[in-house]
Structures are given as C-alpha cells and as structure tokens.
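Dear colleague,

I am handing over the structure below, and after it you will find a description of what was found there. Please keep it open while you read.

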Amino acid sequence: MPYATLEEMTHRYGEDFLYTIADRNNDDRVDMTAVEHALSDASVMDSYLSTRYALPLMHFPDLLKRLCVDIAVYWLARDGGGTTEEKRQRYEDAVAWLERLAQGKTELHITGSESETQTPTRTEGVFIQSHPRWFSRNTLRAF
C-alpha cells in the first residue's frame, strides 16, 4: 500500500511538474501507470519501518506521505530523464531519515491503536521484556 497518492503528489509539486516527469509518450498526458508504479515502489519505506513498527500502518503522519512523494518523484524523474540535484537531494534526505528511524535515532509519532503495537528499538543482542518484578528487597522487607 503506497503511503501517498497522485493527489498528494499533485498537491505538493503541482500538476505542471508532473507533466515534466511523467509524460512518457510526449503526448502532454501524465502516464498514470508510471506514477502508480513509482508510488508503489516507494513502499520500500516498509523495509525501514518494519524494524520498529507492526505493518501495515493504518494511520500515519504526513511526514511519511512527504517522504513517499519525494522518493517517487526522484524515481519518476530518473526514469524519465528529468533528474535534478534538488530531486536527488530530497530522495537522499528521505532515505537518510528512514535509516535513522530504523536505527532508533528518531521517532515516528503515530496515533491510534498502532502506538500500542510499536515494537521495541532493536540493538545488538537479545531483547527480553517481561512484567515488573513482584518480589524485591523492598517488597519482602517486612518478612
């Protein structure tokens, strides 16, 4: 499931911009198949998100939509021959943020029941989680 839609891409960049990167047949029409493929391919984001969150995310912040659009725009432009330094930089920034997320260096603020399904940050080694201790020096002090 893509994190962004054609409408969100159009809202962020404008319809004229889409014609410049997604007119594959030079007929002044946006190649909808190419746009849908680019947005779907941008779901590579899941490989980063899955290290910290249970997927699929039902509710996610606009940040993920923006990252998805930036990744899709870069791939559309690259495939269509319209890559610029700005598009490449936006793509690299999106991937760098996702890498920091996967490493636990940043957080994704999600709402709803998904916050309960968030998995702990992974580090080297084994992670063990259990209930709080029932017996300790303080609770057994009276005996």
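How many aromatic pairs does a search of the whole structure find? The search finds four, where rings of Phe, Tyr and Trp (its six-membered ring) pair if their centres lie within 6.5 Å, and planes under 30 degrees apart count as stacked, over 60 as edge-to-face and the rest as tilted.

Please note that this is a predicted model, in which local features need pLDDT of at least 70 and side-chain atom pairs count only at pLDDT 80 or more, while totals for chains, interfaces and linings use all residues. Residues are numbered from 1 along each chain as its sequence is written, and side-chain values use heavy atoms, with hydrogens and water left out.

In one of the pairs, the ring centres of Tyr 3 and Phe 60 are 4.9 Å apart and the planes stand at 75°, so this pair is edge-to-face. Tyr 3 is buried at a relative accessible area of 3% (buried means under 20%, exposed over 50%, partly exposed in between, with a 1.4 Å probe and protein chains only).

In another, the rings of Trp 75 and Tyr 91 have centres 6.0 Å apart and planes at 50°, so the pair is tilted. Trp 75 is buried, at 18%, whereas Tyr 91, at 22%, counts as partly exposed. Ring pairs also join Tyr 74 to these two in a cluster.

Finally, leaving aside neighbours within four places in sequence, Leu 108 is in contact (heavy atoms within 4.5 Å) with several residues, including Leu 57, Leu 64 and Trp 97.

Best wishes
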